[in-house]
Amino acid sequence: MPTTSREQLTQAFDQLLEPGRFKDYGPNGLQVEGRSAVRRIVSGVTASRALIEAAIDDGADAIFVHHGLFWRGQDGRVTGWMKQRLALLLAHDINLYAYHLPLDAHAELGNNAQLARVLGITPEPAPQGRFGDQQLGLIGQRSEPSAQALADHVAACLGRPVTLVAEPDRPVRRVALCTGGAQGYFEAAIAAGADAFITGEISEPQAHYARECGVAYLACGHHATERYGAPAVAGHVAQALGLEHRFIDIPNPA
């Protein structure tokens, strides 16, 4: 079976995702060093113990995720769940790669672009097709007779209920989206001229903004909206390097 070096794999991910462009909440790239030769990559959304155990069973040499182990401001002690996850990675000599905002932002393979593909939203070209802090948000075109019709379509595509706050009969043509916990981007989406905003979560203020501004807000699940970038990137790099790849989805209701 073909193999590549850990250094080559790290370079391939970094060249594709350009982590140096972003101010982020934690370290992007190789978070835990494992064996030097890589043959098989497992991708997933979050570096949970369940994913790590599944990757071990699958014979992975490297794990590629959106949500890694280390975040700014967290308790730095290696106890409890952190010890358990690290112990598994180190005992089995598995490399852990994590890319947060760079994975959201990639124009073709990132979470936002891949969610747009799944939902049948045609992205507008940059710069008008981008909005929000660090230009992470994506704006695209999808005509629906109403916000409720858009919500029904999204729920069918993602296979889960959607929280909709909207004037249900308002037509939709221009859709802004930013996956995960991007509820803070809603005001920027409104300012950018969106008819609807799709993200993973909702907080208390966004319901009022939606009602007062007439822009539909759809909260579709943090995990559900971020299932597509990691396998797209890991699969792309694996194919380029001749490696094996498998996406393992660990269900999460959030």
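Tutor: A definition comes first: a crossover is right-handed if, with the strands pointing away from the viewer, the path from the first strand over the helix to the second runs clockwise. Helices (H or I, at least four residues) and strands (E, at least two) are DSSP runs, numbered from the N terminus. By that rule, β11, helix α7 (residues 186-191) and β12 form a right-handed β-α-β unit.

Student: And how should I read the numbers?

Tutor: This is a predicted model: local features need pLDDT of at least 70, side-chain atom pairs count only at pLDDT 80 or more, and totals for chains, interfaces and linings use all residues. Residues are numbered from 1 along each chain as its sequence is written, and side-chain values use heavy atoms, with hydrogens and water left out.

Student: In what sense do β11 and β12 pair?

Tutor: Parallel. Strand β11 (residues 172-177) meets β12 over 3 bridges. Two strands pair if DSSP finds at least two bridges between them.

Student: Which residue in β12 is the bridge partner of A176?

Tutor: F197.

Student: What does β12 pair with over 4 bridges?

Tutor: Strand β13 (residues 216-219), again in the parallel sense. T199 stands opposite A219 there. β12, helix α8 (residues 204-213) and β13 make a right-handed β-α-β unit.

Student: Are the faces of β12 covered or open?

Tutor: Both are covered. A196 and I198 on one side, F197 and T199 on the other, are all buried. Buried means under 20% relative accessible area, exposed over 50%, partly exposed in between (1.4 Å probe, protein chains only).

Student: Switching to aromatics. How many pairs?

Tutor: The count is 9 aromatic pairs. Rings of Phe, Tyr and Trp (its six-membered ring) pair if their centres lie within 6.5 Å; planes under 30 degrees apart count as stacked, over 60 as edge-to-face and the rest as tilted.

Student: Why is F186 with Y217 edge-to-face?

Tutor: Their ring centres are 4.8 Å apart and the planes sit at 85°, so the pair is edge-to-face. F186 lies in helix α7 and Y217 in strand β13, so the pair ties together parts that are 31 residues apart in sequence. Both F186 and Y217 are buried.

Student: Which residues do ring pairs link into a cluster?

Tutor: F131, Y185, F186, F197 and Y217.

Student: How many disulfides?

Tutor: 0. A disulfide is a pair of cysteine sulfur atoms within 2.5 Å.
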